[in-house]
Amino acid sequence: MLAEIRGLNEECGVFGIWGHEKAAELTYYGLHALQHRGQEGAGVVTTDGHELKLHKGQGLVNDVFKRVDFSKLSGHAAIGHTRYATQGERTIDNVQPLLFRSQLGSMALAHNGNIMNAYKLRGELEEAGSILQTSSDTEVLAHLIKRNGSLESLEGLKDALRQLVGAYAFIILKEDKMHVALDPRGLRPLSIGRLGDAYVVASETCAFDIIGATYEREVLPGELLTISDKGMESTRFDAQEKRALCAMEYVYFSRPDSDLNHVNVHASRKRMGIELAKESPVEADVVTGVPDSSISAAIGYAEQTGIPYEIGLIKNRYTGRTFIQPSQELRELGVKMKLSPVRGIVEGKRVIMIDDSIVRGTTCKRIVRMLKDAGAKEVHVRIASPAITDPCFYGIDMSTKDELIAANYSIQEMCDMIGADSLAYLSTDGLENAIVTEDSINQGVCMACMTGNYPVSEKGQLEISYTKC
């Protein structure tokens, strides 16, 4: 069960394209742009109007596709997925897209998020005779669709989606059409673009940029899109509720060049730094950020305070994100592999170190120690988000409070534990001010991991499925 798993799970990335002769190749490039959302598996399914063809594997996108003959993945449409796996579930069976074949037609699914009532639904499906082949909650939707009748039934798909509780962005590919669906709260990001006459769908808009597509609009909460050779049709499978887009998308997960809900990620992070400087100033000589997701906030903090921004930490570009390594031991070793202090910048200085968040405190403690070993006179840690105090059940692998340092210790205790001279977090009001703008659609963000206020629950009880996305 996920409740027994330790680690913070990276969000997965989904990509789809309809109406382009190079659909497989463009999906490959789209997945490259979404590589930061998952580094343990990737896959592509294409259609030529008659047959669905699959290629997937474990590892980085480059590793999975380096020997692929794309001519064997011919077709005018494709969907792709890049995945992070939880411990014990890193098997090829769970790598997406998942492909299902039947006499009445085939279907492939790519999913970002977490179905909270998947365990319950799996039990009902098994009692009804279904035999599930993976431990992924994504497979549940395929069985619900089939149970509701023909794969071609739009009403059957709507009914299946209405049975799901949680966070989900789905792209569903059939021989002759593609469906796109976003949960009624819009917890996961999902956007639509155009490349000539082709439609493109992706978790982040940075995937549009890499293939030369232009952004069109957001997929709306509770919306179901059908894309085919006839064009794109929009309908609803559920009522749209106030949007609760995951705040951690802005804080950490998404690339700074992406726009989420009409808000640029870099700009929002910079505003987080500005708000943080207003709330928690401190006398110092330099401001530095932990690469990469904290750089924007550090620039904002420096601009607001007038303290010079400096590159005090250098990132080794050939290592992955430490907190999504599959074991705590590897995470700890990974910090030294990935970051190096710039002695000439920090030696003898009072340093303000900006980071995006603290989960366990292990990484932050090691970075503070590195800066002080490099001669920093003081290290003041400022976190450009509120303290993470509660589990997340919507697609980030934080399923118990035991693993969250801020849930178990006071600010002063945490400060002592990480070896900093002072520690302060951004307030929830400051975070919301940085994210929600006049350009946002149906404004609202999910800060459940910071406040304990969950926008979606299953009859008041938060359930955990087997494997997220």
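Modeller: A crossing counts as right-handed if the near helix is turned clockwise from the far one by less than a right angle, and as left-handed if the turn is anticlockwise. The model is predicted, and what follows describes that prediction.

By that convention, H4 passes H5 in a right-handed crossing. The contact draws on Leu141, Leu144 and Ile145 from H4, and on Leu157, Ala160 and Leu161 from H5. By class, this contact has six nonpolar residues, with no polar and no charged ones. The axis of H4 and that of helix H5, residues 154-162, come within 8 Å and cross at roughly 135 degrees. An angle over 145 degrees would count as roughly antiparallel, and 65 to 115 as roughly perpendicular. H4 is therefore oblique to H5.

H4 also has a contact with H3. Helix H3 covers residues 118-127 and helix H4 covers residues 138-147; their axes come within 10 Å and cross at roughly 45 degrees. Here the cut-off for roughly parallel is an angle under 35 degrees, and H3 and H4 are therefore oblique to each other. The hand of the crossing of H3 and H4 is left-handed. H3 supplies Ala118, Leu121, Arg122, Glu124 and Leu125 to the contact, while H4 supplies Val140, His143, Leu144 and Arg147. The classes here are five nonpolar, one polar and three charged residues.

Next, the spaces. Rolling a probe the size of a water molecule over the atoms shows where empty space is left. The second largest pocket holds about 280 Å³ of space. It is lined by 20 residues, and those closest to its centre are Asp176, Lys177, Thr226, Ser228 and Lys230. Strand S12 (223-228) and strand S13 (231-236) each contribute at least two residues to this lining, and S13 gives the most, with four. Sorted by class, the lining of this pocket has three nonpolar, nine polar and eight charged residues.

The largest cavity contains about 60 Å³ of space. Its lining consists of Arg188, Cys246, Cys392, Tyr394, Ile396, Cys446, Met447, Ala448 and Cys449. Eight of these count as nonpolar, none as polar and one as charged.

Last, the backbone. Most residues other than glycine have a negative phi, and most peptide bonds are trans. Glutamine 96 and proline 97 are joined by a cis peptide bond, with omega about 5 degrees. Proline 97 sits in the loop between strand S4 (77-83) and strand S5 (98-100). Another cis peptide bond joins proline 291 and aspartate 292, where omega is about 0 degrees. The loop that holds aspartate 292 runs between strand S17 (286-289) and helix H9 (295-305). Asparagine 261 has a positive phi, near 55 degrees, and is a residue other than glycine. Asparagine 261 lies in the loop between strand S15 (259-260) and strand S16 (263-264).

Methods:
Residues numbered from 1 in each chain as written. Predicted model: local features only at pLDDT ≥ 70, side-chain atom pairs only at ≥ 80, totals over all residues. Heavy atoms only, no water. Axes fitted to C-alpha atoms, helices over the stretch in contact; angles between N-to-C directions. Contact = heavy atoms within 4.5 Å. Nonpolar A, V, L, I, M, F, W, Y, C, P; charged D, E, K, R; others polar. 1 Å grid on protein atoms, 1.4 Å probe; cavity = no way out; pocket = protein on both sides within 12 Å on 5 of 7 lines; lining within 4 Å. Points joined across faces, edges and corners; volume = space filled by probe spheres on them.
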